[in-house]
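Please read it with the sequence and structure at hand.

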Amino acid sequence: AGYSSADSDNSFFFMVLLAGGIAAIACVLTAIVLGVIVRKSITKPIAVAEELASEMNAGNLGVPDSTFKFANDEIGRFVKNLENTKHSLNSYIGDMSRILSDMSEGDFSSTPAVEYIGDFTEIKTSFEKITSTLSGIITNMNASADYVMTGSNQIADGAAVLAEGTTRQATAI
């Protein structure tokens with residue numbers, strides 16, 4: 001065909017090298033693009049979830065929600081559920097703190113303002129039992145105080161009568 005086999009082999013070898021180089025560059029670019037996608041869709045959301053879980057573990061339930069825009073995938077739903085759990089726990093703790101603060105000031109009429117669900121219903125039941133028990137104790141203490149006051153008044157009246165009688169006898173003597 002007018003070409004020497006050496007030129008044809010060199011041309012073929014050059015084309016193989018060129019195709020191999022283009023394939024290598026395409027693989028590197030694909031790896032970079034996949035790395036960015038993995039970082040955006042997996043690594044960053046997991047880091048945000050880990051940070052939120054660490055804050056919750058440290059007892060910091062008032063930290064603001066993440067501003068990261070999660071996809072509607074497993075990780076996004078997981079973080080949304082984690083944030084909802086944080087909000088629920090924060091509302092339970094706030095409500096319990098309010099009730100206990102009222103009780104420490106002598107107000108036993110406070111009732112939970114949050115609906116306690118699941119395992120937290122035990123807390124609501126305990127608050128109701130504590131309120132009932134303490135109200136009964138205070139009622140008994142008030143009744144006992146009334147009895148003591150009545151007895152004290154009777155003793156005071158008796159002492160007044162005795163003093164008056166003693167005064168009469170001293171006058172008579």
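## The end of helix 2

Just beyond helix 2, glycine 106 adopts a positive phi of about 95°. The model is a predicted one, and the phi value is computed from it.

Helix 2 covers residues 74-104. With 31 residues at 1.5 Å a residue, helix 2 should span 45 Å, and the 44 Å between its end C-alpha atoms agrees with this.

## Buried residues of helix 2

Which residues of helix 2 are buried? They are Ile75, Gly76, Val79, Leu82, Glu83, Lys86, Tyr92, Asp95, Met96, Ile99, Asp102 and Met103. These buried residues pack against helix 1 and helix 3, the latter formed by residues 121-172. In an α-helix there are 3.6 residues a turn, so residues three or four places apart point the same way.

## Packing of helix 1 on helix 2

Two packed helices are described by the angle between their axes and the distance between the axes. Helix 1, residues 5-57, packs on helix 2 at an angle of about 15°, and their axes are 10 Å apart. Because angles under 35 degrees count as roughly parallel, helix 1 is roughly parallel to helix 2. The crossing of these two helices is left-handed.

Helix 1 contributes Ser41, Ile42, Pro45, Ile46, Ala49, Leu52, Ala53 and Met56 to the contact, while helix 2 contributes Ile75, Phe78, Val79, Leu82, Glu83, Thr85, Lys86 and Leu89. Sorted by class, this contact comprises 12 nonpolar, 2 polar and 2 charged residues.

## Packing of helix 2 on helix 3

The axes of helix 2 and helix 3 cross at roughly 10° and come within 12 Å. These two helices are therefore roughly parallel to each other.

On the helix 2 side, Met96, Ile99, Leu100 and Met103 meet Ile123, Phe127, Ile130 and Thr131 of helix 3. The contact of helix 2 with helix 3 has 7 nonpolar residues, 1 polar residue and no charged residues.

Phenylalanine 70 is located in the loop between helix 1 and helix 2. Its relative accessibility is 25%, so phenylalanine 70 counts as partly exposed.

Leaving aside residues up to four places away in sequence, phenylalanine 70 touches Pro45, Val48, Gly76 and Val79. Phenylalanine 70 and lysine 44 are 26 residues apart along the chain, and their C-alpha atoms are separated by 9.5 Å.

Terms used. Residues are numbered from 1 along each chain as its sequence is written. This is a predicted model: local features need pLDDT of at least 70, side-chain atom pairs count only at pLDDT 80 or more; totals for chains, interfaces and linings use all residues. Side-chain values use heavy atoms; hydrogens and water are left out. Axes are lines fitted to C-alpha atoms, for helices over the stretch in contact, and angles run from 0 to 180 degrees between N-to-C directions. Helices (H or I, at least four residues) and strands (E, at least two) are DSSP runs, numbered from the N terminus. Angles under 35 degrees count as roughly parallel, over 145 as roughly antiparallel, 65 to 115 as roughly perpendicular and the rest as oblique. A crossing is left-handed if the near helix is turned anticlockwise from the far one by less than a right angle, and right-handed if clockwise. Contact means heavy atoms within 4.5 Å. Ala, Val, Leu, Ile, Met, Phe, Trp, Tyr, Cys and Pro count as nonpolar, Asp, Glu, Lys and Arg as charged, and the others, Gly among them, as polar. The expected span of a helix is 1.5 Å times one less than its number of residues. Buried means under 20% relative accessible area, exposed over 50%, partly exposed in between (1.4 Å probe, protein chains only).
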